[in-house]
Amino acid sequence: GRRPSVPTTEKDVRSGIPECFSHVPMAKRIPTSHANKDVHPAVLAVGQQMATFFLNDSISRLRATLLAFRKVIESYETPKGNSLSRHFVPHVLNPQIEYLTECRPMCFAMGNAIRLLKGRVNKFDIDTAEDEAKEDLLEWIDSLIIERITLAEDAIARNAAESINEGDTIITYGRHRLVEKTFLEAKHDGKSFDVTVIDDPFDRGGQELAETLRQAGIPVLYSPNLGGLRPKVAAASNAFLGGEAIFANGSLHAPSGTADVAMAAMNAGVKVIVLCETINFDRDRVSVDSLTYNEIDPERNTADCFRLLFDNTHDKYITGVITEFESGGGNSPAQAI
Amino acid sequence: MAPSQASHAPTLDSLIKSFNSQTLEASIESLLFLLKRRQVQGDECAKATAHILRQVVAKSKWRDVDQLLSRVQSAGSRLARAAPMEPVIGNVVRRVLGLIRDEASEERNADDLVSETASDIQSLTPSTYPAQRPAPVPIRPSPSAISTGLQVSKSMFNLLSVADPGDSPMTGASTPMSQAQPASVHALRSEVMDGIEEILDEINQADDQIAGFAEIQIHPGDYVLAYQPSRTVERFLVKAASKRRFTVIIASLESPSHTTAEAPYATLRKKLNAAGVKTINLASNGLMAYIPRVNKVIFGAKAVYQNGGLLVDSGSCIAAQAAHEYLKPVIVLCPVFKFCPEDPLDEVSRRELGNPSTYVSYANGPAVDALDVENTVTDYIPPELVDVYLTNLGPQTRHHLASILADHYKTEDIGFSLQLDEP
């Protein structure tokens with residue numbers, strides 16, 4: 001009702017989606033002029049970057065969101081007769097979250113962080129001084145970024161790099177920060193190993209990974225698509241896969257194609273190791289197939305082509321998960337949240 | 001077709017037309033040229049091979065059966081060497097060789113029956129002739145042992161298939177025809193050429209015959225995943241669309257840079273949509289995401305090996321594996337002429353590599369320079385991932401493939417591919 005033009009364009013954009021996928025959400029670009037006036041400029045910018053997939057993976061989106069929320073908190077002033085603990089979340093934070101969700105469905109890490117942030121605000125006494133509360137929230141955001149993102153990344157890469165043995169051939173799919181960092185760290189440790197990069201031809205992140213590794217002096221076999229996967233997987237000693245999220249049932253939410261690689265590797269008797277920060281774990285949701293939680297690629301939803309961004313890897317295709325806390329089976333680290 | 005265009009890129013049709021006006025050697029050379037440039041692929045290789053062997057039988061000089069066999073073998077192995085990734089060439093050559101042996105033994109029987117009884121010949125042949133030709137490695141029971149358990153109707157193939165025991169000697173193979181009369185050479189020539197015509201008919205009709213089984217395999221409301229639909233698969237789906245309402249999900253490895261102005265499989269989709277069948281064109285390599293929604297997976301094979309393993313377009317294995325994990329049936333469309341009486345080589349040597357520059361730009365030289373890029377064009381699919389082999393003779397399981405092979409090839413010719421190495 002408020003913005004009559006938006007629902008009609010949404011209908012047009014979604015009209016090409018086949019009926020059996022019509023429940024799956026899709027990112028969309030919202031002109032900044034159509035956004036709620038309460039949306040903070042920093043959040044507006046982040047929303048645009050998410051809608052255009054400039055910010056793509058879950059951790060980049062989480063970090064950008066937290067930094068934008070930091071700006072929101074800094075510029076927040078409690079209206080007279082209100083307290084931060086009662087006013088901030090419903091009147092200031094929620095419009096930001098709604099806008100971000102409209103730009104692109106939230107990733108599970110963002111959901112976790114927002115839940116933690118709201119809990120933090122709710123803990124304040126009704127008469128906590130505004131400055132004190134703001135200071136506390138800013139510090140809390142900074143430590144969340146350091147602990148759950150920066151240090152987590154280092155710890156996972158270190159653990160994973162240690163698990164690489166001399167002479168290994170590691171197969172990976174697409175390009176994932178943690179996997180890339182792991183390889184570079186292992187190389188830095190003086191280990192010699194080979195990497196097989198299987199790419200998604202519709203994304204081609206793997207090509208950048210292959211070039212980066214190559215420049216670091218790691219021998220790389222690059223396959224531009226999933227063709228000939230069986231023999232390539234069979235020749236590997238381990239598969240390292242990055243994840244966007246891990247659900248309560250231990251299944252992995254990752255870029256489309258990951259499940260095919262994991263399944264092929266497991267069937268060939270190759271260990272499948274998933275690298276994932278615990279902030280990406282979702283202990284409230286369970287997913288048994290790729291159509292429960294997914295997103296449609298907004299660039300490819302015409303009558304001529306259709307594509308889902310993610311797939312769901314059943315935990316039977318996962319040997320272990322390396323997180324910043326521990327390395328274990330698919331399910332146990334879920335308790336770590 | 002404009003002549004200038006024809007001379008620029010000769011098609012198979014124009015090539016076949018030119019056979020009659022060319023010398024045999026010129027015809028073979030021009031086909032070799034097309035094969036090496038991959039301008040003739042897949043089913044067309046089978047047709048082209050049959051056409052050229054027909055020319056060999058008609059035009060080359062031969063005085064007895066052994067000479068004819070060796071003419072066909074030598075022309076056949078040149079073709080097979082030109083396109084080592086097209087096993088159908090070898091299959092057609094074997095079929096023609098078997099045809100010649102059958103025709104020769106029939107004639108010989110007719111001659112010999114005057115003096116000897118058929119049963120005498122049957123007991124004589126195996127012991128008399130094996131020494132003349134290196135015996136092929138026995139890889140399965142002899143055809144006569146299998147043929148008793150045959151389920152397959154042989155009406156169409158009575159000329160080509162192994163005759164019932166008692167009709168003629170099973171290994172009437174290298175029967176020398178040294179005393180053959182010119183008249184019988186003439187008769188043999190026309191019989192063999194008729195037989196090759198029948199093989200050609202079989203190749204041409206196979207797609208339609210397979211499509212005839214579409215309404216049995218596809219049910220109303222199905223979601224059918226068609227992986228890189230070949231012409232055989234297209235005809236199958238279009239036929240099914242005339243009877244059923246279902247949805248076709250088309251998947252392929254092709255990346256956006258391949259797609260020109262024309263959207264992929266536009267013609268097929270137009271036909272299916274016109275018949276009321278919905279189509280979804282996947283722009284995705286990974287198929288595990290979609291398989292829960294799919295009822296069955298269908299693709300065509302480039303070749304079926306003796307063990308039931310398949311040579312397929314690259315990426316089909318992803319589809320088969322994903323379907324297998326979710327217990328969805330994998331239906332492979334494969335005309336009988338694609339069944340090879342050979343074992344697959346190991347996966348690595350059997351796969352074909354394509355041009356990597358379609359994926360990697362060599363313009364950014366230094367970055368790509370040291371990269372090993374591997375773009376596979378074919379996959380091998382192990383038999384345990386296949387549920388139905390849908391042939392022009394009907395649906396088969398891998399347990400019955402041996403009888404199809406026994407029906408269509410002679411034991412002597414199974415080793416044909418082994419002769420490829422000889423010049």
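Predicted model: local features only at pLDDT ≥ 70, side-chain atom pairs only at ≥ 80, totals over all residues.
Two strands pair if DSSP finds at least two bridges between them. Strands themselves are DSSP runs of E, at least two residues long, and helices are runs of H or I, at least four long, all numbered from the N terminus.

Residues are numbered from 1 along each chain as its sequence is written, and chains are lettered from A, with ligands numbered from 1, in the order in which they are written.

Now the pairing. Strand β3 of chain A, residues 220-223, runs parallel to β8(B), and 2 bridges join them.

Next, the wider interface. Contact here means C-beta atoms, placed from the backbone, within 7 Å. By that rule, 38 residues of chain B touch 37 residues of chain A. Which elements of chain B each supply at least two residues to that side? They are β3 (278-281), α13 (316-325), α14 (347-350) and β8 (372-373). The largest share, 5 residues, comes from α13(B).

Chain B as a whole has 17 helices and 11 strands. Of its contacts between residues at least 6 apart in sequence, 82% join residues at least 24 apart.

Last, chain A. An automatic or database domain assignment sets the bounds. Chain A splits into domain 1 (5-152) and domain 2 (155-336). Their C-alpha centres lie 28 Å apart. Domain 1 of chain A gives 23 residues to the contact, and domain 2 of chain A gives 20.

Conventions:
Contact = placed C-beta atoms within 7 Å.
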